[in-house]
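Dear colleague,

Please find the structure below, handed over for your review. A summary of the findings follows it.

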Amino acid sequence: MSSQKPKEKIIIVDFGSQVTKLIARRVRDFKVFCEILIIKDLYKIKNYEGIKGIILSGGPSTVTKKKYLSIPKEIFLKKIPVLGICYGLQLISKLFGGSIKSLKTRREFGRAILYKKKQSLLTKNFFNIKKQSVWMSHQDAVTKLPKGFKVIASTKNSKLTIIENTKYKIYGVQFHPEVTHTENGKQIFNNFLFKICKIKKKWRVESEAKRIISDVRKTIKKDKVICALSGGVDSSVVALLINKAIKKNLICIMVDTGLMRKNEFKESYYLFKKKYKLNVKLINASKIFFKKIKDVSNPELKRKIIGNLFVKIFEKEAKKYKSIKYLAQGTLYPDIIESRSATGSKSAIIKSHHNVGGLPKRMNLKLLEPLKEFFKDEVRILGKSIGLIDSLRNKHPFPGPGLAIRIIGKITPEKIKILQEADNIYITELINQNLYNKIWQAYAALLPMKTVGVMGDTRTYEYTCLLRAVISEDGMSADYFNFPKEFLDKISNKIVNGVPGINRVVYDITSKPPSTIELE
Ligand code: XMP
């Protein structure tokens, strides 16, 4: 897609750290545009104009070995400020003649106390009376200062924890300012961005909508685009943006699998059709979905059957429209980052994302992914700027296989109905008590067992409903939400009284890891 990127930006070079994404988050939180590049991408940059700073991430590589990940030394000599974090610091040290050793006595994992040695622009207002608590995760340590550098701060185990070369504006920190465990870590980014890189442009997600719409228009021209609209935040924002660009040439298809939340799908359909005037078609495929999964209890098999069937139905519908060239998807920035490795090699890819898997190739379609530069919370802001209503904009994520992976074991129409009712009571109560927007994701699930209860004078033998509510930044890790006891009392009572078929309610108090957010 052609694009007029904002003029000023920060480049983050990803050496494969698990937390590179957090660096980008911190930078964007300061309303500064940044891009995460793998080393290969760095070689493709012809013009460094507009690049106001470069951040080198941490990573599993080690400069103590013969072969290690590196970038051309010339990049450091352009007088573009560079901040190396963890491996980034070690690489800087190596390239500028320092020594790095892997010593058991020098490694640090977890909290460490950092002591200030000298003043630096990088650490202005960072220390709390000459020391600060920082988060470490390193085996190797810099043991000899590279030429032209000064020591700014040290810990007990590692003397060269913050170093700087003001002539070339090169800075290195051994700890991780991007993780929240480093106290006041944001101040390091604040100083680097505004005091050292002097980046001025205050980037606003809201103003990106105009650019995306214009890009889509230029890319698509008179061609047609098809979009699988689920009613979730990502696909809704994609559909609205593209609709603003090309109107009737966007065809949205909503496939009702029958495994959705109570009333939700039809309500979304009418909203898209009536309020947003989208060209949208609703396919009721619940019978066929149910037929295919009714005897399946294996979670992976459920997911596969539902995924394949979805693609088949969508493909059949799409074929009815001639001359479609593009498939629009709500791919987000984390999907892109997780789908590639630091070295660019395919073997190290963690996850491969395709929302409508296999379709673009099978149908000879090109992919249109207008949200691929954005994080989820930025997509919500974009949504607001183009008029997406709050209830949709703030909707919790919902998995493609829907309630099928929240009814553990075999699925029956009765179980779907019971779960829809319980989930509806739970979510409605969360909204009424102003808790919904404090939670990243909440849902009810149905466990595959019946237990004994007593209601009035009668013995019952019914299902157990499990409630889940988590807080998270991006779904990769999560903690359970700490409900007040009164809420748990109330919701348990409401569900047991309001949903025939359930006589017990349990609350899931596991974090991710070791659990996952979904149960299957
Ligand atoms: P887990 O269970 O892996 O979930 O901790 C992390 C996030 O991903 C969502 N999820 C899915 N989303 N298709 C989706 O579109 C899927 O098959 C799927 N499985 C999990 C889950 O709801 C949570 O937000």
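**Findings**

Ser154 is in contact (heavy atoms within 4.5 Å) with Ile113, Leu114, Tyr115, Lys117, Lys159 and Thr161, leaving aside its neighbours within four places in sequence. Ser154 belongs to strand 9, residues 150–154; strands (E, at least two residues) and helices (H or I, at least four) are DSSP runs numbered from the N terminus. With a relative accessibility of 6%, Ser154 counts as buried, where buried means under 20% relative accessible area, exposed over 50% and partly exposed in between, with a 1.4 Å probe and protein chains only. The side chain of Ser154 also reaches the backbone oxygen of Lys159 at 2.6 Å.

Before going further, please note that this is a predicted model, in which local features need pLDDT of at least 70 and side-chain atom pairs count only at pLDDT 80 or more, while totals for chains, interfaces and linings use all residues. Residues are numbered from 1 along each chain as its sequence is written, and side-chain values use heavy atoms, with hydrogens and water left out.

Turning to the chain as a whole, the protein has 15 helices and 20 strands. Its C-alpha trace spans about 80 × 60 × 40 Å along the principal axes. Of the 520 residues, 53% count as buried. Among contacts with a separation of 6 or more, 76% are between residues 24 or more positions apart. The accessible surface of the chain comes to about 24,800 Å², and 52% of it belongs to carbon and sulfur atoms; accessible areas come from the Shrake-Rupley method with a 1.4 Å probe, and for residues only the protein chains shown count as cover.

Gln174 is buried, with a relative accessible area of 1%. Not counting residues up to four places away in sequence, Gln174 touches Cys86, Leu89, Gln90, Met136, His138, Asp140, Ser158 and Thr161. With Gln90, the side chain of Gln174 forms a polar contact of 3.1 Å; a polar contact is a pair of N or O atoms within 3.5 Å, and within protein one must be able to donate a hydrogen and the other to accept it, with residues adjacent in sequence counting only if both atoms are side-chain atoms. Thr161 is 13 residues from Gln174 in sequence, and their C-alpha atoms are 4.9 Å apart.

Finally, the ligand. Which residues surround it? They are Arg303, Pro397, Pro399, Gly400, Pro401, Trp440, Gln441, Gly475, Lys512, Thr516, Ile517 and Glu518, a residue being near a molecule or strand if one of its heavy atoms lies within 4 Å of it. By class, this shell holds five nonpolar, four polar and three charged residues. Ligand oxygen atoms lie 2.7 Å from a side-chain N or O atom of Gln441, 2.7 Å from a polar backbone atom of Ile517 and 2.5 Å from a side-chain N or O atom of Glu518. Taken alone, the ligand exposes 490 Å², of which the protein buries 66%.

Yours sincerely

Methods: Ala, Val, Leu, Ile, Met, Phe, Trp, Tyr, Cys and Pro count as nonpolar, Asp, Glu, Lys and Arg as charged, and the others, Gly among them, as polar.
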